[in-house]
Amino acid sequence: MKKLNLFLSAAALMIGVIGFAQNSSNVYQTGNTNNADVNQVLTNSGSTQDSYIRQNGDNNRSRVQQLSKGNDSDINQVGNRNVAYVKQDGYGGHKSDIYSRGNDNRAVVMQVTLGGQNQGQRSDIDQIGNSNLTTVNQSGYQNKSWVYQLGNGNVADVDQTNNNANYGRSESDINTRGNNNYAKVDQQGIVGGHISDVDQIGDNNRSNVMQAGNRNESTAYQKGNRNRSNVSQVGTGLSLSGSDLNNSSVRQYGNDNRSNVLQNGFDHMSTVYQNGNLNKSYVSQSGNGHMSTVTQIGNSNGSNVMQN
């Protein structure tokens with residue numbers, strides 16, 4: 001009986017050790033002078049944190065900091081001199097995926113949850129080419145970001161914040177194919193719930209989206225070279241359950257086109273279509289419930305719309 005008790009005590013101790021071993025880190029490196037740094041601090045013994053790093057090439061660097069619970073980070077870098085940094089904090093439940101293939105790419109992800117269970121952020125980054133840069137900063141509840149960059153010298157910058165777990169979840173999708181393109185998405189609000197979709201095909205295009213308030217939506221599509229699109233939609237954002245419902249759609253085909261859309265208030269709609277070269281459109285709507293449609297086909301056309 002004494003031997004049996006000793007056996008049961010040892011088994012219980014073993015189970016306890018296994019039960020508390022809840023962080024997991026896997027690092028695979030092939031090549032020369034690669035570096036991986038993983039720091040995981042578990043704040044709740046009931047939730048695991050997982051980190052996976054694979055680096056194939058030379059002089060790649062990865063750093064992961066997960067300082068809460070239920071976080072998951074996956075980094076895969078193929079090539080030389082690529083850098084990835086992930087920090088996930090707050091109440092946890094975050095998911096980050098980074099894939100870089102090529103040389104001199106950079107990816108930075110910072111995600112914070114303000115409170116609650118299963119309210120973490122989601123970031124997915126794919127970069128194929130050289131010298132691409134992606135920065136994702138998300139705080140609040142259940143925001144989602146997708147970035148895909150194919151080419152060289154492209155930059156994507158995403159910043160999303162909301163402050164309410166029941167109505168939040170902004171989403172940003174950036175898809176870039178070409179060289180030296182720039183896309184910036186900034187979505188803020190008490191509730192959030194914004195949607196932004198940016199597509200760029202070509203070289204040296206620029207797209208800026210800023211949405212504040214509740215549940216605004218923006219779509220920007222650029223096909224060609226050196227096109228510029230700026231969208232700013234600012235709602236009231238004063239109610240946790242209310243919606244501003246501003247909507248902007250910009251489509252640019254050709255080269256050197258310019259579009260600026262500014263909407264303040266709620267329930268505005270703007271549609272801009274440019275097909276050609278050197279076209280310019282400016283739309284400004286304030287108040288409530290205005291609608292504007294601009295169509296430019298050809299070259300060097302100009303349009304200015306102001307509605308209050």
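This is a predicted model: local features need pLDDT of at least 70, side-chain atom pairs count only at pLDDT 80 or more; totals for chains, interfaces and linings use all residues.
As a general background, in soluble globular proteins nonpolar side chains tend to be buried together.

Now let me step back to the chain as a whole. The chain contains one helix and 24 strands, and of its 308 residues, 43% are buried. If we consider the contacts between residues at least 6 apart in sequence, 37% of them join residues at least 24 apart. The accessible surface of the chain comes to about 13,800 Å², and carbon and sulfur atoms account for 49% of that surface.

Next, how do some of these strands pair? Strand β11, residues 144–152, pairs with strand β13, residues 171–179, in the parallel sense and over nine bridges, and within that pairing S145 stands opposite S172 in β13. Strand β13 is in turn joined by nine bridges to strand β15, residues 195–203, and these two strands also run parallel. Here you can find N179 standing opposite D203 in β15.

Is H94 buried or exposed? H94 has a relative accessibility of 1%, and because anything under 20% is classed as buried, H94 counts as buried. The side chain of H94 reaches the backbone oxygen of D89 at 2.8 Å. Leaving aside its neighbours within four places in sequence, H94 is in contact with G70, N71, D72, Q88, D89, Q111, V112, T113, G120 and Q121.

Finally, let us turn to the aromatic rings, for which a search of the whole structure finds three pairs. One of these is formed by Y221 and Y253, a tilted pair with 5.5 Å centre to centre and 45 degrees between the planes. This pair links distant parts of the chain, since Y221 is in strand β17, residues 217–225, and Y253 is in strand β19, residues 247–255, the two residues being 32 apart. Y221 itself is buried, with a relative accessible area of 17%.

Y253 also forms an aromatic pair with Y273, again tilted, with 5.8 Å centre to centre and 50 degrees between the planes. Y253 lies in strand β19 and Y273 in strand β21, residues 269–277, so this pair ties together parts that are 20 residues apart in sequence. Y273, at 27% relative accessibility, counts as partly exposed, whereas Y221 is buried. Taken together, the ring pairs link Y221, Y253 and Y273 into a cluster, and that is where I will stop.

Note on methods:
Residues are numbered from 1 along each chain as its sequence is written. Side-chain values use heavy atoms; hydrogens and water are left out. Two strands pair if DSSP finds at least two bridges between them. Helices (H or I, at least four residues) and strands (E, at least two) are DSSP runs, numbered from the N terminus. Buried means under 20% relative accessible area, exposed over 50%, partly exposed in between (1.4 Å probe, protein chains only). A polar contact is a pair of N or O atoms within 3.5 Å; within protein, one must be able to donate a hydrogen and the other to accept it, and residues adjacent in sequence count only if both atoms are side-chain atoms. Contact means heavy atoms within 4.5 Å. Accessible areas come from the Shrake-Rupley method with a 1.4 Å probe; for residues, only the protein chains shown count as cover. Rings of Phe, Tyr and Trp (its six-membered ring) pair if their centres lie within 6.5 Å; planes under 30 degrees apart count as stacked, over 60 as edge-to-face and the rest as tilted.
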